[in-house]
Amino acid sequence: TVDVEDDRTGISVETLRRALADHLFYIQGKWPEVASKNDFYLALAYMVRDRMMQRWLNSTRNYLRSEVRLVTYLSAEFLLGPHLGRNLLNLGIEEPVRQALQESGLDLNDLMAQEEEPGLGNGGLGRLAACYMESLSSLQIPAIGYGIRYEFGIFDQEIRDGWQVEITDKWLQHGNPWEIAHPQEAVTVGFGGHTEGYTDSDGRFRKRWIPAKQVKGIPYDTPIPGYRVNTVNTLRLWKAEAVESFDFQSFNVGNYYGAVNSKVTSENISKVLYPNDEQIEGKQLRLEQQFFFVSCALQDMIRIHLTSGRQLDSFHEKFAAQLNDTHPAVGVAELMRLLIDEHGIEWETAWEVTQNTFAYTNHTLLPEALERWSLSLFGGLLPRHLEIVFEINHRFMDQVRVQYLNDSAKLSSLSLIDESGERYVRMANLASLGSHAINGVAELHSELVKQTILKNFHEMFPGKIRNITNGVTPRRWLALANPRLAALYTEKVGDGWLQDMEKLRSLEGYADDPGFRQHWRQIKRDIKQDLATYIQTRTGITVSPDSLFDVQVKRIHEYKRQHLNVLHIITLYDRLRQNPNLDVAPRTFIFGGKAAPGYRMAKLMIKFITAVGDVVNNDAAIGDRLKVVFLPDYNVTLGQRVYPAADLSEQISTAGKEASGTGNMKFSMNGALTIGTLDGANVEIRELVGDENFFLFGLVTEEVMALKASGYNPWDYYHSNPQLKGVIDLVNCGYFAKGDSELFKPLIDNLLHHDPYLLLADYQSYIDAQDRASTAYQDQEDWSRRSIINAVRMGKFSSDRSIREYCEQIWHVKPVQIELKE
Ligand code: 26Y
């Protein structure tokens, strides 16, 4: 008999080769001779998708069973990064696929480079959602991610003449093989209009919402397979389309263009991701996006619950819904409306179900990122939801009055409505009240949440606010990003460390093994060489893999203080010019990150980095000792190249401002040492690696607060520190702007006269820490020892640990094993 492996599921090299040719012919419609690289990539992607299908459908079917409890992760952003590599790794088919391609004359890495990453997020919060989706699957937790299928994700960044230029991200233009649309599961979402009272058939007085406009949400599903398990969870992203009946109504009265126009405006809702990171804009379209995807998600969840044969008063037993910051917080009001208005449930029951369903994660304390919507905008778009918010607030204020005897300060700070001027709905208060648990994202941050923005909630509901420190997935950030290091780990501890990062701890002893250290250094050097080559191609700058790679990659923001890093570069430059024979470790400074298009200071910071680079890189007196590189278009794909190549990780935010940071974890896992403040998760990284392996500097949170309270004067630091003064003066006279003393004036004046993020106060301490890092790097043996200790102690920062904590403390869900049969 002939035993032919199924071309849709088989994983032998021969079957894979045949399946690839089949997809190229029947899906792409191409002969190999005329197929483009993208045709081959798509054929490969469909072939890999086939091999997930059984697991995916089995997982999905299982979740409809009434006894299965599901996590739903509601997030306006999912910064996924490429799927192909992750899917090959998690399915465990990378090797046979690589070989099958090779036998077809193709190179896997080459085809992987074809994938346009889905950049459906801004930065930390969106990337965290992606890591959590991966860990949920790997831990076999039934879960659905709900979000928006933006047609245009975060813009592509180009650097022209040192300035950022934004280019539309057309990630769908060559086709997206990973998603499957399910138009039969579309839902309808209303906007605007008015509410009315009526008496129902039981004689009960009810309210209903008569929207002025309706939009259809079409779900697009993407599989997220776990690492070497059968669980394949779904990321369900919604696309907005016109409701047909609206088109037809206009069409029937002969208004063809009007009908088409209504289609265009409906589709606007999921058109583009807002590129603002931690800076609200208050645009109506953004609230429309938030309500759109949350309403779609909740309607979908209700459908699933009813399908599993249960009543809505047990909705919270079926679902644990996580609010990724306040962006989906309008869901609190929408679930109330759906339960009460659409399904006839009593207020008290609905409120209990709602509170027990939701939990809220806070990701930032920055006042400019705290969402609030003016009553006119909110009520105009969501009149029924505003009534519900008022009613929730009315009942809550009664409770506050009882507990605090009319304390007006308590009432006004806890209220869901900000009444200090124009009235606003406070989304953090709505999320906090509508949830049974609230969490911050690092120990320090969670403490600050309790002491500052949610102080009164914490007092009223002790124990409701807790901490779950962020984590990142070691599958992407170690195995995929750093295959050489992963191979070393597997050689030493066997496989299994990717599911249990704590296993790496057993390697600590190797820190004192010169042979191992040599191997460690060789790996790092090879990766640095790869990045040096990339830098050469992308920027034309030549850098040496033997220099210290000092890296800061993250969104460009004043609180993250990329400009403090630049002040250090200028300090070194100045010193070398004064003293050309100075013995310092040669350094390559690498930056990457996007600035919000409307954030002028951040854009000027990019120009500042590139301008200083232009001078330093081309100064013959400096030679190869200092190089400054700005890598354009920093994204997940580029992050995978950069983290493994770093020696030094810059985590230099003003203490109290960075909620957690997750880049800090990715660097450290890959063997970089950290220079940083006591901020966010840096605190916990330092606790694990030890004070002696962390270059600490700067004021601590309490000192920052005290200094600001006592009247901070940056001018004093400028005048009392000649080195600092020299650096500032050099910028001020136009040295880095071809003599133009105006270019950086906004930046420098801000530092000298306001300096809200205390760069000048932290300057000397930062320089001293950098000097310690330089000296340390010159002892390569010792640096390797520290680097090893850093990397192998990062087990805590696996997102598996974070997700286990969410499961135990917040969601109360357990793993479910999915059968592969049928
Ligand atoms: C409201 C709108 C303008 C807005 C858009 C994006 C507000 C905030 C954000 C994004 C916030 C964000 O990314 N926060 C980051 O979350 C990470 C994951 O928890 C943290 O590691 C990081 O410190 C925090 O800045």
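User: Let's start with Asp-755: which loop does it lie in?

Analyst: Asp-755 lies in the loop that runs between helix 30 (745-753) and helix 31. Helices and strands here are DSSP runs numbered from the N terminus, a helix being H or I over at least four residues and a strand being E over at least two. Please keep in mind that this is a predicted model, in which local features need pLDDT of at least 70 and side-chain atom pairs count only at pLDDT 80 or more, while totals for chains, interfaces and linings use all residues. Residue numbers start from 1 along each chain as its sequence is written.

User: And is Asp-755 buried or exposed?

Analyst: Asp-755 counts as buried because it has 20 C-beta neighbours inside 10 Å. The rule is that 20 or more other C-beta atoms within 10 Å of a residue's own make it buried, 12 or fewer make it exposed, and anything in between is partly exposed, with C-beta atoms placed from the backbone. Asp-755 also has a positive phi, about 45 degrees, although it is not a glycine.

User: What about phi of His-812?

Analyst: His-812 is likewise a residue other than glycine with a positive phi, near 55 degrees. It lies in the segment after helix 33 (799-811), and it counts as exposed because it has 11 C-beta neighbours inside 10 Å.

User: Where does the ligand lie relative to domain 2 and domain 3?

Analyst: The ligand lies between them, because domain 2 and domain 3 both give residues to the shell around it. There are 22 residues around the ligand, and Gly-124, Leu-125, His-363, Ala-659 and Ser-660 come nearest; a residue is near a molecule or strand if its C-beta atom, placed from the backbone, lies within 6 Å of it. By class, this shell has 6 nonpolar, 12 polar and 4 charged residues.

User: Switching to the largest nonpolar core: which residues touch the most other members?

Analyst: Ile-569 and Val-612 do, out of 232 residues in that core. Helix 2 (residues 37-63) supplies the largest share, 11 residues. A nonpolar core is a set of buried Ala, Val, Leu, Ile, Met, Phe, Trp, Tyr and Cys residues joined through C-beta atoms within 7 Å. Leaving aside neighbours within four places in sequence, Ile-569 is in contact with Phe-589, Val-612, Val-616, Leu-626 and Val-628.

User: How far apart are the end C-alpha atoms of helix 32?

Analyst: They are 18 Å apart, which agrees with the 18 Å that the 13 residues of helix 32 (residues 780-792) should span at 1.5 Å a residue, the expected span being 1.5 Å times one less than the number of residues. Among the buried residues of helix 32 are Trp-783, Arg-785 and Val-792, and what covers its buried residues includes helix 21 (514-539), strand 24 (673-676) and helix 31 (759-778).

User: Last one: how many residues of helix 11 are buried?

Analyst: Helix 11 (residues 331-342) is mostly covered, with 10 of its 12 residues buried, including Glu-334 and Arg-337. After helix 11 comes Gly-344, whose phi is positive, near 65 degrees.

Definitions and conventions: Two residues are in contact if their C-beta atoms, placed from the backbone, lie within 7 Å. Ala, Val, Leu, Ile, Met, Phe, Trp, Tyr, Cys and Pro count as nonpolar, Asp, Glu, Lys and Arg as charged, and the others, Gly among them, as polar. Domain bounds come from an automatic or database domain assignment.
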